[in-house]
Amino acid sequence: MQSGAGVSISTDSAHLYVIGSTGGIYSSPVKPTTGTIVEYPIPTSGAYPVGIAAGPDGNLWFTENNMNKIGKITPGGTFTEYAIPTSNASPSDIAAGSDGNLWFTEFNASRIGKITTSGTFTEYLIPTGAAYPVGIAAGPDGNLWFTENGVNANKIGKITPGGTITEYPIPDTASLPEGITAGPDGNLWFTENHSNKIGITPGGTFTEYLIPTSNAGASDIAAGSDGNLWFTESNASRIGKITTSGTFTEYLIPTGAAGPNGIAPGPDGNLWFTEQGGNKIGKITTSGTFTEYAIPTSYASPSDIAAGPDGNLWFTEYSGNKIGKITP
């Protein structure tokens with residue numbers, strides 16, 4: 001408690017209270033300390049949430065890999081869940097499209113799904129059988145681009161807002177692509193988990209770059225505020241950086257066996273990532289300095305992470321069956 005000039009000031013974990021000399025009480029929110037984590041249990045048990053993305057409606061949308069649903073959580077922590085029409089679709093990644101809808105990959109069903117912000121579904125079958133799509137991202141061309149992780153697929157796919165799919169075979173025939181993102185250079189950048197490369201494709205023309213660390217296990221990828229692409233190396237417990245001209249820098253995460261997976265740019269200009277092995281949320285500056293924050297729930301196995309409309313980072317807890325929020 002502080003006092004002076006006829007007023008007293010006090011705080012709790014959520015508000016600042018100013019008590020005037022005449023007895024009036026005024027309060028305003030207090031910004032939580034950097035690294036403060038809040039967790040919200042998903043109503044459906046055993047959901048196994050994976051992907052998460054900010055929607056155009058100001059909410060966070062996520063995939064429930066095991067319970068075959070798409071979930072929505074408001075910044076205040078209120079949930080709504082929608083059952084996917086195709087059974088056992090095993091939804092994985094999710095992204096907001098230029099059409100105002102949410103688009104997601106159906107790993108087992110080899111489909112690309114679309115859900116409106118009011119909960120209406122449309123699903124599109126990928127021409128290649130057993131495509132096993134994983135990552136999805138909005139492209140600079142207004143389309144959605146996705147990775148086909150199937151051994152007999154090994155392609156980058158494109159789907160228009162109207163549902164027309166085009167597929168492009170990756171030159172390395174054993175790449176097993178996972179994450180994908182739009183780069184600042186107008187290209188689509190993706191990780192090749194098996195062949196240990198980072199690839200780009202503008203309209204179907206490929207260039208591939210070999211990661212210096214062997215068997216790095218490149219997983220997710222995101223564009224940073226510095227104009228470079230940043231990616232997680234799940235096997236090597238490193239965060240990688242690649243310039244748009246193909247030059248690599250790798251940073252070893254302080255926590256051993258961190259198992260980084262999802263990565264996303266934060267509103268603070270840093271890159272934020274999930275540590276499945278370390279059970280932490282990590283932050284790396286564009287100059288390579290790390291900070292790590294322990295998740296309250298043990299063995300939460302955080303998967304994906306995304307910046308929310310409220311200025312926080314939101315993440316999925318695959319084993320913890322929760323959606324987490326961390327203050328940057």
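**View 1. Surroundings of I211 in the predicted model.** Apart from neighbours within four places in sequence, I211 is in contact (heavy atoms within 4.5 Å) with N196, K197, I198, A216, A218, F231, E233, F248 and E250. The model is predicted, and for that reason local features need pLDDT of at least 70 and side-chain atom pairs count only at pLDDT 80 or more, whereas totals for chains, interfaces and linings use all residues. Residues are numbered from 1 along each chain as its sequence is written, and side-chain values use heavy atoms, with hydrogens and water left out.

**View 2. The largest nonpolar core.** A nonpolar core is a set of buried Ala, Val, Leu, Ile, Met, Phe, Trp, Tyr and Cys residues joined through side-chain atoms within 4.5 Å, where buried means under 20% relative accessible area, exposed over 50% and partly exposed in between, with a 1.4 Å probe and protein chains only. The largest such core has 13 residues, of which W189, I198, I211, I221, F231, I242 and F248 touch the most other members. At least two residues of this core come from each of the strands β20, β22 (218-223) and β23 (229-233), strands being DSSP runs (E, at least two residues) numbered from the N terminus.

**View 3. The salt bridge between K197 and D172.** One salt bridge, defined as a side-chain nitrogen of Lys or Arg within 4 Å of a carboxyl oxygen of Asp or Glu, is found in a search of the whole structure. The side chains of K197 and D172 form a salt bridge with an N to O distance of 3.0 Å. Because K197 lies in strand β20 (residues 197-201) and D172 in the loop between β17 (165-169) and β18 (177-182), the pair ties together parts that are 25 residues apart in sequence. Both K197 and D172 are buried.

**View 4. The side chain of E167.** Leaving aside neighbours within four places in sequence, the contacts of E167 include I126, P127, T128 and K155.

View 5. Most residues other than glycine have a negative phi. N196, in the loop between β19 (188-192) and β20, has a positive phi of about 60° although it is not a glycine. S301, in the loop between β29 (290-294) and β30 (302-307), likewise is not a glycine and has a positive phi of about 55°.

Definitions and conventions:
Helix = DSSP H or I, 4+ residues; strand = E, 2+ residues; numbered from the N terminus.
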